Amino acid sequence: MSVSAFRVSVVLAGLVAIVSCGGSSPSGPSSSGGGGSDAPVTISIVGDRGNQSFSPNPAIAAGRMVVFRNNDAVAHRVRLNDLSVDWGIIQPGATSAAFRMPDEGTNYHCDLHAGMIGAVSIDAATPPPPCRGDYC
């Protein structure tokens, strides 16, 4: 066998080993609350219902990628309360771009419907950070 054929064989064997032994990662967040899964957490927009406007609320998604899915009949604009992230207008039936939530959790709202509020927690035992500002 030539040197180049041997190299190709080694590379192919390595790829087969990687693909067949890839395993799977957990679907939920890690015990530390940060980045336990590559799949984004989906938070549903269900309508102008105060702290029941988003589901789940609070979402266990601190440090995770999050998308918002608009299951309502009207457009919404989701923003973090500190205004550092704006998902823009999310039309009915549409899903927002993904964004990684702060590791410590956060609060958010609909900019078009000020009573629509939501929060992100680290885990089920840790409440979201206190809500401060105009959207609480």
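Asp 86 counts as partly exposed, at 29% relative accessibility, in what is a predicted model. Asp 86 takes part in a salt bridge with Arg 77, where the closest N and O atoms are 2.4 Å apart. Arg 77 is likewise partly exposed, with a relative accessibility of 29%. A salt bridge also joins Asp 86 to Arg 79, with the closest N and O atoms 3.5 Å apart.

Arg 79 lies in strand β5. Its relative accessible area is 17%, so Arg 79 is classed as buried, the limit being under 20%. Arg 79 forms a further salt bridge with Asp 111, at 3.2 Å between the closest N and O atoms. This pair links distant parts of the chain, since Asp 111 sits in the loop between β8 and β9, 32 residues apart from Arg 79 in β5. Asp 111 is partly exposed, at 27% relative accessibility. Through shared partners, Arg 77, Arg 79, Asp 86 and Asp 111 are joined into one network of salt bridges. The count of salt bridges comes to 3.

Beyond its neighbours within four places in sequence, Arg 79 is in contact with residues including Val 85, Trp 87, Tyr 108 and His 109. Trp 87 and Tyr 108 are among the residues that touch the most other members of the largest nonpolar core, which has 19 residues; Ile 43, Phe 54, Phe 68 and Val 78 are the others. Strands β1, β4, β5, β6 and β8 each give two or more residues to this core, and β1 supplies the largest share, 3 residues.

Terms used: Residues are numbered from 1 along each chain as its sequence is written. This is a predicted model: local features need pLDDT of at least 70, side-chain atom pairs count only at pLDDT 80 or more; totals for chains, interfaces and linings use all residues. Side-chain values use heavy atoms; hydrogens and water are left out. A nonpolar core is a set of buried Ala, Val, Leu, Ile, Met, Phe, Trp, Tyr and Cys residues joined through side-chain atoms within 4.5 Å. Buried means under 20% relative accessible area, exposed over 50%, partly exposed in between (1.4 Å probe, protein chains only). Helices (H or I, at least four residues) and strands (E, at least two) are DSSP runs, numbered from the N terminus. Contact means heavy atoms within 4.5 Å. A salt bridge is a side-chain nitrogen of Lys or Arg within 4 Å of a carboxyl oxygen of Asp or Glu.
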